[in-house]
Amino acid sequence: MSLKQYQREFIEYSIAQNILSFGSYTLKSGRKSPYFFNTGKFNTGESISKIGKFYAEAIESFHELVYDGIFGPAYKGIPLATSTVIALSEIFNKNIPCSFNRKEIKDHGEGGNIIGSLSGKILIIDDVITAGTAIRESIEIITKNGAKVAGVIVAVDRQERGTGEKSAVQQIEETYGVPVKSIVNLEQIIKYFKEKEGCDEHLTKMEEYKALYGINS
């Protein structure tokens, strides 16, 4: 499993900007994780532009993702979807529409809870999948509006078991029959550290965490 150039750049940029950070983090599950990925720190013009390019590169690398539009669930998914369609236009000359939902239904003007174009095959963009609740809500929104889900792409797949033996990503794929892809996954982050000198502490802790909670891949 080799790292593509955009994946390597994504990891390096995320570390440099403290988006991917290392320490001891208590997750919602109660697990103590040695790393944390926070897309909320993609909050400047430069970083938002970069994350869009990383998503666009990943989307183009997965040829099985056939889609007509991109959907970003409120709230974190809104800038992610917007920056991604800009990157797809600027880098790959693809003019792809995007959409997102409102948390509250608007009862005046155009009304409804969807902004943008939501038709055809829709690719969902989000940051990470933890329990999969937000993705399930997005799938429901898309199907209720008469569109189909083409797949899901996230920034980082933690490749971590949920309450059972499968991860939320695997459960989404099996339940809805759609592919779930990521810019990088935990195995690829570990591979990156194996190739770097002076990262033994991070590497050891991440491998220990994967041994405890990782899925059987």
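This is a predicted model: local features need pLDDT of at least 70, side-chain atom pairs count only at pLDDT 80 or more; totals for chains, interfaces and linings use all residues.
Lys191 is partly exposed, with a relative accessible area of 26%, where partly exposed covers whatever falls between buried, under 20% relative accessible area, and exposed, over 50%, as computed with a 1.4 Å probe on protein chains only. Glu195 is likewise partly exposed, at 40%, and the side chains of Glu195 and Lys191 form a salt bridge whose closest N and O atoms are 3.4 Å apart; by salt bridge I mean a side-chain nitrogen of Lys or Arg within 4 Å of a carboxyl oxygen of Asp or Glu. Both residues lie in helix H6, residues 186-195, and they are 4 residues apart, about one turn of the helix. An α-helix has 3.6 residues a turn, so residues three or four places apart point the same way. Through shared partners, salt bridges join Arg8, Lys191 and Glu195 into one network.

Residues are numbered from 1 along each chain as its sequence is written, and side-chain values use heavy atoms, with hydrogens and water left out. When I name helices and strands, these are DSSP runs numbered from the N terminus, helices being H or I with at least four residues and strands being E with at least two.

To stay with charges for a moment, the count comes to 12 salt bridges. One of them joins the side chains of Glu60 and Lys94, at 2.8 Å from N to O. Glu60 lies in helix H2 and Lys94 in the loop between H3 and strand S4 (98-106), so this pair ties together parts that are 34 residues apart in sequence. Glu60 is among the buried residues of H2, whereas Lys94 is partly exposed, with a relative accessible area of 31%. A further salt bridge links Glu174 with Lys166, again with the closest N and O atoms 2.8 Å apart; here Glu174 counts as exposed at 52% relative accessibility, and Lys166 as partly exposed at 37%.

Which charged residue is buried yet has no salt bridge? That is Asp126, for which the nearest side chain of opposite charge, Lys76, is 7.5 Å away, counting Lys and Arg as positive and Asp and Glu as negative, and leaving out His and the chain ends. Asp126 is placed in strand S6, residues 121-128. Apart from its neighbours within four places in sequence, Asp126 is in contact with Tyr55, Pro73, Leu80, Ala134, Ile135, Ile153, Val154 and Ala155, contact meaning heavy atoms within 4.5 Å.

Let me turn to helix H2, residues 45-61, which has 17 residues and reaches 25 Å from its first C-alpha to its last, close to the 24 Å expected at 1.5 Å a residue, the expected span being 1.5 Å times one less than the number of residues. The buried residues of H2, including Ile51, Gly52, Phe54 and Tyr55, pack against helix H1 (5-16), strand S3 (69-72), helix H3 (77-92), S6, strand S7 (148-157) and strand S8 (180-185).

Ser83, in helix H3, counts as buried at 8% relative accessibility, and outside its sequence neighbours within four places it is in contact with Ile48, Ile51 and Gly52. Lys53 and Ala87 are 34 residues apart in sequence and 5.2 Å apart in space, C-alpha to C-alpha.

Finally, the aromatic rings: the whole structure holds 10 aromatic pairs, where rings of Phe, Tyr and Trp (its six-membered ring) pair if their centres lie within 6.5 Å, and planes under 30 degrees apart count as stacked, over 60 as edge-to-face and the rest as tilted. The rings of Tyr35 and Tyr209 have centres 6.5 Å apart and planes at 90°, so this pair is edge-to-face. Tyr35 lies in strand S2 (residues 32-37) and Tyr209 in helix H7 (residues 200-213), so the pair ties together parts that are 174 residues apart in sequence. Both tyrosines, Tyr35 and Tyr209, are buried. Elsewhere, ring pairs link Phe10, Tyr13, Phe37, Phe42 and Phe54 into a cluster.
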